[in-house]
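Please look over the structure below. A short briefing on its rings, sheet and helices follows.

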Amino acid sequence: MRPINATIYDVSRLSGVSIATVSRTFASPERVREATRQKVFEAAEILHYSPNAIARAMARQQTDKIAFLICKKDATILDEFYARICESIMRRTIQSDRQLVISTAADWVQAAGTAQNKQVEGVILGGSAQADMVSEFQGKHIAVVLVNNRMPGFDLPCVVSDEYGGVRLAVEHLIQRGHREIAMIAGRFSPYIVGERYNAFLRVMRDHGLETDARRIAMCDPTIESATQAALDLLSRKDRPTAIFGANDVIAAGVLKAARRLGLRVPGDLAVAGFDDSTICGMVEPELTSVHINCRRIGEVGVDCLHALLNGEECPPVTVIPAELRVRGST
């Protein structure tokens, strides 16, 4: 005999799953494993529990897919920095039973990849996302979270590394080593990253009463060749710096290459520090001092923020992940 006015508790007991799982099965059946879903539906039918809810649940077409798009010029999904974030996003997504689509923004657009066609409910955009892409997602009521970027004018959760804190650690480390003639080679990255690291360098130098005129700052493309040339220009001057902070590890590696060409000893004649703590740090000689970005944590928090949005919950507008300095032989 079935209970009169069967409740969700009755379905839970008969199916052998938790009340939360029963609730999720009716609200979002695609988020529940097939075997579990079948148990719940069978128990509900036996108990005559809310047959209309069963029909609605079985008719739903949501897929619970989310996407991670790498928004970086000429990027591939093998880009080392974003690959580390991507791995973390994958691990976190598996724990949630959601499906993950991974792409570059360029490939997404080229494949006519509208959010509707790919049936994604939310996206994590890594890097320099374009405003029109964000607007398109928002226009389709697709949840959006930014990682490694902030966009003025958009009300979006952002997960970023502590850029200022990381630069401060690197520059103050060089100052503690006795350097006063410190230069920076900034790369042409996304506007957010360029601005954060450039302005942080100026601020830290000024806080310590050190010179920051145009002779101490150079711009280059984020390639070894461009960075090497920029470093050669700085190091060939009579008032050459005794330390150079590279805005990322590729640039810092270019500085090391320039120093070798000029016969300068590192760190005896020139100290060099980078940013990102990439695999390059252990491939150069001497090994490179660099600011470590916690990509694993950035990816985890990015997924958690997206899940919060999809579940109708609040999440912080900006989450800043602390950076660390990894000191090696170049300083």
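How many helices and strands does the protein chain have? The protein chain has 13 helices and 12 strands; these are DSSP runs numbered from the N terminus, with helices being H or I of at least four residues and strands E of at least two. This is a predicted model, where local features need pLDDT of at least 70, side-chain atom pairs count only at pLDDT 80 or more, and totals for chains, interfaces and linings use all residues. Residues are numbered from 1 along each chain as its sequence is written, and side-chain values use heavy atoms, with hydrogens and water left out.

**Overall**
- Of the 331 residues in the protein chain, 50% count as buried (under 20% relative accessible area; exposed is over 50%, partly exposed in between; 1.4 Å probe, protein chains only).
- Among contacts in the protein chain with a separation of 6 or more, 67% come from residues 24 or more positions apart (contact means heavy atoms within 4.5 Å).

**Aromatic pairs**
- The structure holds 4 aromatic pairs (rings of Phe, Tyr and Trp, the last by its six-membered ring, with centres within 6.5 Å; planes under 30 degrees apart are stacked, over 60 edge-to-face, the rest tilted).
- Phe 201 and Phe 245 are stacked, because their ring centres are 6.4 Å apart and their planes lie at 15°.
- Phe 201 belongs to helix α10 (residues 191–207) and Phe 245 to strand β8 (residues 243–246), so this pair ties together parts 44 residues apart in sequence.
- Phe 245 and Phe 275 also have ring centres 6.4 Å apart, but their planes are at 65°, so that pair is edge-to-face.
- Phe 275 lies in strand β9 (residues 271–276) and Phe 245 in β8, so the link spans 30 residues in sequence.
- Phe 201 and Phe 245 are both buried, and Phe 275 is buried too.
- Ring pairs join Phe 201, Phe 245 and Phe 275 into a cluster.

**Charges over rings**
- The charged end of Arg 197 sits over the ring of Phe 275, 3.8 Å from its centre (the cut-offs are NZ of Lys or CZ of Arg within 6 Å of the ring centre and within 35 degrees of the ring normal).
- Arg 203 lies over the face of Tyr 164, at 4.5 Å from the ring centre.

**Helix α10**
- The 17 residues of α10 should span 24 Å at 1.5 Å a residue, and the end C-alpha atoms are 24 Å apart, which agrees (expected span is 1.5 Å times one less than the number of residues).
- Buried residues of α10 include Arg 197, Ala 200 and Phe 201.
- Their cover includes β5, β8 and β9.
- Gly 209 follows α10 and has a positive phi, near 70°.

**Asn 248**
- Asn 248 lies in the loop between β8 and α12 (249–261).
- Its relative accessibility is 9%, so Asn 248 counts as buried.
- Leaving out residues up to four places away in sequence, Asn 248 touches Phe 189, Arg 197, Gly 274, Phe 275 and Asp 276.

**The open sheet**
- An open sheet of 6 strands runs β2-β1-β3-β4-β5-β11, with parallel pairing (two strands pair if DSSP finds at least two bridges between them).
- β2 (99–104) and β11 (318–321) stand at the edges with a single partner strand each, so one side of each has no neighbour in the sheet.
- The twist averages 20° from one strand to the next.
- Strands β1 (residues 65–71) and β3 (residues 120–127) pair in the parallel sense over 7 bridges.
- Phe 68 stands opposite Ile 124 in β3.

Methods
Axes fitted to C-alpha atoms, helices over the stretch in contact; angles between N-to-C directions.
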